[in-house]
Amino acid sequence: MLVNVCGCKLQLIQGDITEQHVDAIVNAANSQLAGGSGVDGAIHAAGGPGIMNDTAARYPEGCPTGSAVASSAGNLSAKFVFHAVGPIWRGGKEGEPALLQTAYRKCLQLAVQHDCKTIAFPAISAGAYGYPLDLAANVAVKTVTDFQKWHKKPPEVRFVLFTEGTYGAFARSLEIQMEVQ
Ligand code: APR
């Protein structure tokens, strides 16, 4: 699914984010930047140890929840990995939507700052961190479309969704949000 948001592309695809040829690949990291399973494990496995060496040297304190930091991309076909730390879902009353929004927004700001034309996001927080999928999709899609409308950048954003169910949730969310514009 591909839509135009004020001259920018927003694309949903089902696939593996480590196989994307983009300027920046976003990782769903933890605040220690310690690596883990899910997309984090896949990115470090495909990218090699250079990514962890770089984050450990540059961000020994890790990264707060609701933010993101940039590293090199090792063997991935990208210039950068942005390590975004989404919130753990604790029922929705602990600021989770705002933290998820700022994690996405920080990645978009990093993309602009590093002059990235293309950036690929996974469904941050929607796996091990337990954020309900439909709610996570709504925050993700709204944050990206609002940013593209306002800044007219990045020129191409891709959501790379690993499963059919995740793709479906993002597609529904995008359809609804394009209708209400
Ligand atoms: N490409 C794209 N998406 C993927 C891939 C992949 N190769 N592998 C997994 N995913 C998807 C999952 O299906 C899920 O929809 O990424 C989404 C996010 O799930 P997690 O990776 O579990 O991320 P999150 O929920 O943010 O939890 C972060 O998990 O592994 C740890 O270190 C990580 O502690 C952190 C936590």
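Predicted model: local features only at pLDDT ≥ 70, side-chain atom pairs only at ≥ 80, totals over all residues.

Residues are numbered from 1 along each chain as its sequence is written, and side-chain values use heavy atoms, with hydrogens and water left out.

Within α2, I51, D54 and T55 are buried (under 20% relative accessible area, with exposed meaning over 50%, partly exposed in between, for a 1.4 Å probe and protein chains only). Seen down the axis of α2, the buried residues fall within an arc of 95 degrees, so they line one face of the helix; the arc is that of the directions from the helix axis to the C-beta atoms. The face turned away from this buried side carries P49, N53 and A57, which are exposed.

Helices α1 (residues 38–47) and α2 (residues 49–58) pack at an angle of about 110 degrees, with their axes 6 Å apart, which means that α1 is roughly perpendicular to α2 (65 to 115 degrees). I43, H44 and G47 of α1 meet P49, I51 and M52 of α2 in this contact (heavy atoms within 4.5 Å).

The nonpolar cores (buried Ala, Val, Leu, Ile, Met, Phe, Trp, Tyr and Cys residues joined through side-chain atoms within 4.5 Å) are as follows.

| Core | Size | Residues named |
|---|---|---|
| Largest | 43 residues | F82, I119, F121, F159 and F170, with the most contacts inside it |
| Second, separate | 11 residues | including V22, I51, A73 and V81 |

Methods:
Axes fitted to C-alpha atoms, helices over the stretch in contact; angles between N-to-C directions. Helix = DSSP H or I, 4+ residues; strand = E, 2+ residues; numbered from the N terminus. Parallel < 35°, antiparallel > 145°, perpendicular 65-115°, else oblique.
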